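User: I would like to learn how to read the features of a structure. Please take me through one.

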Amino acid sequence: MEIEPRASTATAHVLDALVHVIARDGLEAASIDGLAAELDVTVAELTTHFPSKDELLQAAMDHIIAGFRRRFEAMEAATPSVRDRFEQMCMALACVTDDGREAAIVWLWFAAKSTSNDAFAKNYQGAWKRLEERLEKIVAEIYPELHAGSESALLLATLDGIALARASEPPRMPPNRAAYLVENALRRLDDRSLGAERYND
């Protein structure tokens, strides 16, 4: 089941609650019975929209993806500078803020589930593929002298690692350290771009 970016308010409320439960208690706690108790609704009310736990979890994954998509679209509308938008996007993907840490925790659980569930794996891998392609287009626009495919893959791996640390080791990876690492990764891109320009000249 795919939740569109503008899901109904009621559906979004259910999925927001589910994301919170997973972040707080783990993926195994994300049952239809448990979520019904969390929301103080009946199981029948939930199963009308989500007949099984797997469909509920797939919807939660799509909900998080849609949330990131909306954030990126808002950045594009509000920030004229491509470079500034790029930095904001990278900060969001690294889940630098405490608000973003919940999404990082849930995404980590989804990554684990994708190793043993083919449907989850297809959705998860598709999301990362689309994200890498989006980053590649931006890198190509800002740094035309660099190999956008390689640079975007390296950058996404770096951001993913920071987000993983934000989810699992917050004392080691507080927001200020995460932000510094993102800024450092972008400075290295700037430096490689400048070096490539000088070499080409």
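This is a predicted model: local features need pLDDT of at least 70, side-chain atom pairs count only at pLDDT 80 or more; totals for chains, interfaces and linings use all residues.

The dialogue below goes from the overall fold to helix packing and then to salt bridges.

User: Which residues of α6 are buried?

Analyst: Buried means under 20% relative accessible area. In α6 the buried residues are Gly100, Ala103, Ala104, Ile105, Val106, Trp107, Phe110, Ala111 and Lys113.

User: At what angle do the axes of α6 and α8 cross?

Analyst: Angles of 65 to 115 degrees count as roughly perpendicular. The axes of α6 (residues 98-113) and α8 (residues 148-168) cross at roughly 100° and come within 8 Å. That makes the two helices, α6 and α8, roughly perpendicular. On the α6 side the contact is made by Asp98, Arg101, Ala104, Ile105 and Leu108, and on the α8 side by Ala163, Leu164, Arg166 and Ala167. By class, the contact of α6 with α8 has 6 nonpolar, no polar and 3 charged residues.

User: Are α4 and α7 roughly parallel or roughly antiparallel?

Analyst: An angle under 35 degrees counts as roughly parallel, and one over 145 as roughly antiparallel. Helices α4 and α7 (residues 118-142) pack at about 10°, with their axes 10 Å apart. That makes α4 roughly parallel to α7. The α4 residues in the contact include Asp54, Leu57, Met61, Ile65 and Phe72, while those of α7 include Phe120, Tyr124 and Leu131. The residues of this contact between α4 and α7 divide into 9 nonpolar, 2 polar and 6 charged.

User: How many salt bridges does the structure hold?

Analyst: A pair counts when a side-chain nitrogen of Lys or Arg is within 4 Å of a carboxyl oxygen of Asp or Glu. The structure holds 10 salt bridges. One of them joins Asp54 and Lys113, with the closest N and O atoms 3.7 Å apart. Asp54 is in α4 (residues 53-78) and Lys113 in α6, so this pair links distant parts of the chain, 59 residues apart. Asp54 is partly exposed at 39% relative accessible area, whereas Lys113 is buried at 18%.

User: Which parts does the pair of Glu151 and Arg192 tie together?

Analyst: Glu151 forms a salt bridge with Arg192, and the closest N and O atoms are 2.7 Å apart. Glu151 lies in α8 and Arg192 in α9 (residues 175-200), so the bridge ties together parts that are 41 residues apart in sequence. Glu151 counts as buried, at 12% relative accessibility, and Arg192 as partly exposed, at 34%.

User: Which residues are linked in a network of salt bridges?

Analyst: Arg24, Asp25 and Glu38 are linked in such a network.

Note on methods:
Residues are numbered from 1 along each chain as its sequence is written. Side-chain values use heavy atoms; hydrogens and water are left out. Axes are lines fitted to C-alpha atoms, for helices over the stretch in contact, and angles run from 0 to 180 degrees between N-to-C directions. Helices (H or I, at least four residues) and strands (E, at least two) are DSSP runs, numbered from the N terminus. Contact means heavy atoms within 4.5 Å. Ala, Val, Leu, Ile, Met, Phe, Trp, Tyr, Cys and Pro count as nonpolar, Asp, Glu, Lys and Arg as charged, and the others, Gly among them, as polar. Buried means under 20% relative accessible area, exposed over 50%, partly exposed in between (1.4 Å probe, protein chains only).
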